[in-house]
Amino acid sequence: MSENRFDHWRKCWEAYLLGAQENTEGVYEKAAIASIDRMADQELDFRGYADESEVLFYSRIFPLRARAMAFRTKDSKYFGNKEYARQILKDLDAYCAEHYNMNLGPDSRENWWGFEIGMPLRLLDILVLLYDELDDPEAEIKKYTDIILFFKDAYKASARGRDETGANLMWKCHVILLTGILRQDQALIDWANEKIETTLRYVHPMTLPGIGQVYEDGFYEDGSFIQHYMFAYTGGYGKHFLSILCGLIYAFRGEECLTLSKEKRDFFFERLKDTYLPLLYKGHMMDVCRGREPSRYWAEDDAIGAVVLRALLYLREALPEGQKQELTALLKEQLSEEKTRMKLFYDFHPSAEYFVTPSLAERLRSLDAANVPSAAPLHAHYNFGAMVKPVHRTENYALAISMYSKNIACYEKLNGESGKFWHMSDGVTYLYTGSGDAYNGDFYATVDMQRLPGTTIERSANRAADPYFNWYLPEARNTYAFAGGATLGKAGIAGMQYRGQGNGKERTLEVKKSWFMFDKEVVCLGSGISTTTDNQVETIVLNDRLLSKDLRFRVLTGDGELDLAEGEEKIVKTDRLYVEQAGRDGSESKRAVGYVFPGGCELHILKEHRCGTWNQVEINPSHVSENHFLTVWISHGTHPESASYAYAILPAASEAEWKEAADKPVFEIVENSNSAHAVRHFGEQLLGINFWKEEPCTCAGVSASTQASVLIDESESQPEEAEVATPRIAVADPTKQDRTIELCVCGKTYTADTKGLEGRSVLLG
């Protein structure tokens, strides 16, 4: 009897998971097999709970899928073990009898995601992997997929009554498409294909009754990916969207099972370049774009970066030649270090949706064999205006800033996650240099969550007892509209005005913050810092985790190296600081960053050994982690009235370059007031200004009719025939209020219409 198309498509998905497995002796192959066996050996309640009412990140069905994979993986210790396969199916049947069946009813579940997406994802893979072990495949597939279809529309039928959107819809399409293949039901496959098409488009702001203006889930023209209406989620829900679609495109390349049009495929490919890759640094997915996911101990930035790179390795094989070569070059740049490559073959938790498979090693070897040179490191500024997370990339470092706005909430406290994420959008400034490992290694389990780098906060002894802001209500969003910035060439500026958390849920701290991002320097300004509480107010310059026990912190000021005892807080008056993580044997440093404080500043410096658990940010067993930190902050004392700060970060400076930069600065702070923040960079001939006032204001000879972010190229490089030099100007409305902004520069008036741009820059001149 000939094979029908549904059986063929099932085998296509099986081939995506398993690959050819012709060589199991290579380094990559052995690493993949070891990871698969390790996940298969986890207990069925791995580091989680017996209570199935949770979000089901810890469900006992997850290791069952890992075990099914081990059974089908050559050289796994479980490969071909029929008794082992029978036990998997027995455990699966017992699991469904208790936790996943039609007798439960849609209203019995605590979280719709587990019933409609989480459990079906694992169940379908198990059925594909163990298809030949089923006693009666047709009957058993019907039994299990009947449950999937029973819960298919429970979300819509619930009190909330909404359709899935964004990544949730892509997940659902994946589930229904595979269900259709196994049930040999073309109508289900057609439904999935129709819905997939709807996800590949730009979306727009929207208004929800009782909530106000928020964002539709999905992709935005500025590169943002938003989910849950008000969160930056490129590396969270967006990562799921990417992984699912890459897998489907690869598995069903050349097959009629996936009917995605060329237009939609091209749209998706372009999103790789302007949405995903700017947020990926040497295999690390930046935390600014991961919503509440940084609170998951098994999903640190390197683990999620590996998930994204795995997906792209599969997608690469299914692209047209031109796109394939372009993605090949980009992937080679991301995977240039052996450490990053090997992380692809390591899973941290059996709940991983896109876990290591035997076919992954084949995909990486195919990349290695491609005769395409590596792309150069990204060198650009990205203003993700909708999700207010600017990212600055140079050849030597990357910097990302977490802000929030009237439409983007400060943090998402949901399903027991994101505990103590109070200040995650108060200007946290992530600096990626060298290996990029600064924010993993149990960073959030051990860091002082009231001293995140770049923030200005009220330090409260009772913060842990404070009630959380409800992410779905206006209380979690910014009091002020100003949150955004402008981009000109490879430079950018950003600014945010906000009212920070004081006592309880009171917002009592007034702050204006700006960042001026150039090639070798990032200038940070703050003004208007005021509060009425008795809390200490601090601006955190840095909070570095020691990357390994083989390193030590070396701290230099203008007076030489500081002798820092563990746990001792020192107060130092200086105009410069250099922090290096150097080998204890004097070897080359793993991370070195310079700081310059124009006019001098009193710094508080603390080196401390910190112990903590992931319980501080997520419900999780109390495994104790430990790290060493160096924290530097500026104290504004209690009851500050319009306090300020100013400093520059030199992310890639050598010690000699740092000293020269402090002695002969190439930038000038023109203004740091409640009216404007302005910096002029002499080397790059740029002037950046954040105008804070809603009425007309003049700064550095530039006038603006209202609030604006402005970057001006002062190089005067004009055509020879030009009688009057006309500077290049980028202007943006960081309030996103669709305003017309008038500027007067060098005696000439310009008009910028920002309607519909959602904070994107208008280029003038």
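Which residue forms a salt bridge with K30, and how far apart are the closest N and O atoms? The partner is E25, and the closest N and O atoms are 3.7 Å apart.

The views show a predicted model, in which local features need pLDDT of at least 70 and side-chain atom pairs count only at pLDDT 80 or more, while totals for chains, interfaces and linings use all residues. Residues are numbered from 1 along each chain as its sequence is written, and side-chain values use heavy atoms, with hydrogens and water left out.

**K30 and E25 form a salt bridge.** A salt bridge here is a side-chain nitrogen of Lys or Arg within 4 Å of a carboxyl oxygen of Asp or Glu. Side chains of opposite charge can pair when their charged atoms come close. K30 counts as partly exposed at 47% relative accessibility, while E25 is exposed, with a relative accessible area of 52%. For these words, buried means under 20% relative accessible area, exposed over 50%, and partly exposed in between (1.4 Å probe, protein chains only). The structure as a whole holds 54 salt bridges.

**K143 and D93 meet through their side chains in a salt bridge.** The N to O distance is 3.0 Å. K143 belongs to helix α6 (residues 137-150) and D93 to helix α4 (residues 82-99), so this pair ties together parts that are 50 residues apart in sequence. Helices (H or I, at least four residues) and strands (E, at least two) are DSSP runs, numbered from the N terminus. K143 is partly exposed, with a relative accessible area of 38%. D93 is partly exposed as well, at 36%.

**E317 and R316 form a salt bridge.** The closest N and O atoms of E317 and R316 are 3.4 Å apart. Both E317 and R316 are buried.

**A network of salt bridges links K239, R292, E293, R296, E412 and E417.**

**Helices α2 and α3 pack at an angle.** Two packed helices are described by the angle between their axes and the distance between the axes. For helix α2 (residues 27-40) and helix α3 (residues 61-71), the angle is about 135° and the axes are 8 Å apart. Axes are lines fitted to C-alpha atoms, for helices over the stretch in contact, and angles run from 0 to 180 degrees between N-to-C directions. The two helices α2 and α3 are therefore oblique to each other; angles under 35 degrees count as roughly parallel, over 145 as roughly antiparallel, 65 to 115 as roughly perpendicular and the rest as oblique. I36, D37, M39 and A40 of α2 meet A66, R67, M69 and A70 of α3. Contact means heavy atoms within 4.5 Å. By class, the contact of α2 with α3 has six nonpolar, no polar and two charged residues. Ala, Val, Leu, Ile, Met, Phe, Trp, Tyr, Cys and Pro count as nonpolar, Asp, Glu, Lys and Arg as charged, and the others, Gly among them, as polar.

**Helix α3 also packs with helix α5.** The angle between α3 and helix α5 (residues 112-129) is about 25°, and their axes are 9 Å apart. The helices α3 and α5 are therefore roughly parallel to each other. On the α3 side, the residues are I61, F62, L64, R65, A68 and M69. They meet G118, M119, L121, R122, L123, D125, I126 and L129 in α5. The residues of this contact divide into 10 nonpolar, one polar and three charged.

**D75 and E758 have positive phi values.** Phi of D75 is near 75°, although D75 is a residue other than glycine. D75 lies in the loop between α3 and α4 and is partly exposed, with a relative accessible area of 48%. E758, which is not a glycine either, has a phi of about 50°. The loop that holds E758 runs between β32 (748-753) and β33 (762-764). E758 is buried, with a relative accessible area of 12%.

**G504 sits in the loop between β14 (491-501) and β15 (507-517).** Leaving aside neighbours within four places in sequence, G504 is in contact with R463, D466 and P467.

**Helix α15 (residues 359-369) has buried residues.** S359, L360, A361, R363, L364 and L367 are buried. The buried residues of α15 pack against α1 (5-18), α2, α10 (237-251), α12 (301-317), α13 (321-334) and α14 (338-343).
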